[in-house]
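Biologist: Could you walk me through how to read a few features in this model?

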Amino acid sequence: MPDFIRIHPNDNVAVALHAVSKGTSFEGVTAAEDIPQGHKMALAAVKEGENVVKYGFAIGHATAPITPGMWVHTHNMSTNLSGEMEYSYDPKVVFPAPLPAGTFQGYRRKDGRAAIRNEIWIIPTVGCVNDVAKAMVRENQDLVSGSIDGLYTFTHPFGCSQTGEDHAQTRKLLAALTRHPNAGAVLVLSLGCENLTHEQFLAELGDFDPDRVKFLTCQKVPDELAAGRELLKECAKYASQFHRETIPASELVVGMKCGGSDGLSGITANPTVGRFSDLLVAQGGSTVLTEVPEMFGAEGFLMDRCQNEAVFQKAVSMINGFKAYFIRHNEVVYDNPSPGNKQGGITTLEDKSCGCVQKGGSAPIMDVIGYGEPVITKGLNMLYGPGNDLVSATALTAAGAHLILFTTGRGTPFGAPAPTMKLATNTPLATNKSGWIDFNAGVVADGVKTLDEAAQDLMALVLEVASGKKTKAEEKGFREISIFKDGVVL
């Protein structure tokens, strides 16, 4: 197993692929101290104030003189970033060569859309009915039979005592989940006095199939559990007509997310996902990249890949709009990475972002979409959303992602409403948390697989999951949502 990797020829640091002892040599440089896994070792002298370069990109500057072999981290380097920036469009758009589309065994909805699950979802419009929704799930599991894959609810604390944009975002997000193709049928559950009214929800939802979507207002019936059971029986009857059939991978929409990142995220799991994204796009499919704050400092990897000037301007507006959101709340724009990220070897936001955007591969960015909006353009899309794991995974689901690829160097057990596959950046995590991890990208750091080989393996696994194989989170029943909030609670 190799000790270090220099990611780009211009880098003046190397990354330890496993814990490396003092005295270990790499490219003629000897480690002057122990270097933890995922952390950086200087390959050249860096004067105070000079840039530290990783991924061929400046990820910050030295805050003290650094000599070859030294450990490079928060004690001797810092970010170069500040506030909003101006960007210019220098297009470097290269479309991947088309590939024959693979297939999966999915469901074909009446409106023509593809799905990878055939579930019944209960969507509460307000937090007051959360426990009613959970009781309905517990008491109606007998309806899960035949081709129905499950009965689930996604509780949340909102839908009332919200104003302005928060109220609109809750309404938009819940309506988007109601439209998700993985839900064969949906029961929308309301209380009756919340400010997210039935009329507002119908207006947000737009056209819908009344056989697929049912509504129950708890205050209008004597026994909401009995009334809910009757409606869920209708949902089950409707959903049971769908059965798996062969569908081309060109109809897949896959969300891409990372969390609990470490110094190997941008070397193993994220670029594996990036190569997977290129493979799926080449087959006519779609991928979605979000976590806008974790694009800060790595915009150069993305902006020039926008397919045209209009998409570029949407990307600029998204990036600077999110920075303005931070500033509006008197927060430091670049107050990132997290403590866990730092323990894993990520030093600055540029360091984290350069690794994060590797998930986007090299395909052109075809569109930039807003929170709660659906993917409508084939290929790689960028989605407005925060870095928070559950909020952004929920946003990916609402955008129409059939499943989500979630890379992690530290591990996390959660699941979104869409099947959420966990990809480990390192083999120890995959081994120690086998109950969480679906795919081990640590084989790249181990020298067992190349990135392209790992991406091919990932593609095969994605098609298996799309065909019904459960993720580890699904096996445990781990599914939840979190709605993006930016305002007061009345």
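Biologist: Is Phe4 buried or exposed?

Modeller: Buried means under 20% relative accessible area, exposed over 50%, and partly exposed lies in between (1.4 Å probe, protein chains only). Phe4 comes out at 4%, so it is buried. Bear in mind that this is a predicted model, where local features need pLDDT of at least 70 and side-chain atom pairs count only at pLDDT 80 or more, while totals for chains, interfaces and linings use all residues. Residues are numbered from 1 along each chain as its sequence is written, and side-chain values use heavy atoms, with hydrogens and water left out.

Biologist: How many aromatic pairs are there?

Modeller: A pair of aromatic rings is described by the distance of the centres and the angle of the planes. Rings of Phe, Tyr and Trp (its six-membered ring) pair if their centres lie within 6.5 Å; planes under 30 degrees apart count as stacked, over 60 as edge-to-face and the rest as tilted. That rule gives 16 aromatic pairs here. One of them joins Phe4 and Phe26: their centres are 5.5 Å apart with 40° between the planes, hence tilted. Phe4 sits in strand S1 (residues 4-5) and Phe26 in strand S3 (residues 25-26), 22 residues apart, and the pair links these distant parts of the chain. Strands (E, at least two residues) and helices (H or I, at least four) are DSSP runs, numbered from the N terminus. Phe26 is buried too, at 17% relative accessible area.

Biologist: And what is the geometry of the pair formed by Tyr325 and Phe484?

Modeller: Tyr325 and Phe484 are edge-to-face, with 5.7 Å centre to centre and 80° between the planes. The pair spans 159 residues, from Tyr325 in helix H6 (residues 309-328) to Phe484 in the segment after helix H13 (472-476). Tyr325 is buried at 17%, and Phe484 is buried at 8%. Both rings belong to a cluster linked by ring pairs, together with Phe296, Phe322, Phe326, Tyr371 and Tyr384.

Biologist: In what order do the strands of the open sheet run?

Modeller: Strands of a sheet pair through backbone hydrogen bonds, either parallel or antiparallel. Two strands count as paired if DSSP finds at least two bridges between them. The order is S11-S10-S16, with antiparallel pairing. Strands S11 (114-115) and S16 (245-248) are the edges, each pairing on one side only. Four bridges join S10 (residues 103-108) to S16, and Gln105 has Thr246 as its bridge partner in S16.

Biologist: How many disulfides does the structure hold?

Modeller: A disulfide is a pair of cysteine sulfur atoms within 2.5 Å. The structure holds zero. For Cys128, the nearest cysteine sulfur is that of Cys160, 6.1 Å away. Cys193 also has Cys160 as its nearest, at 6.4 Å. Cys128 is exposed at 55% relative accessible area, and Cys193 is exposed at 55%.

Biologist: Which residues lie closest to the centre of the largest cavity?

Modeller: On a 1 Å grid over the protein atoms alone, a cavity is a set of points where a 1.4 Å probe fits but cannot get out; lining residues have an atom within 4 Å of a point. The search finds one cavity of 30 Å³ or more, and the largest has a volume of about 50 Å³. Asp262, Ser265, Gly266, Ile346 and Gly355 are the closest to its centre, out of 13 lining residues. Helix H8 (residues 349-356) gives the most to that lining, with four residues.

Note on methods. On a 1 Å grid over the protein atoms alone, a cavity is a set of points where a 1.4 Å probe fits but cannot get out, and a pocket is an open set with protein on both sides within 12 Å along at least five of seven lines; lining residues have an atom within 4 Å of a point. Grid points are joined across faces, edges and corners, and a volume is the space filled by probe spheres set on the points.
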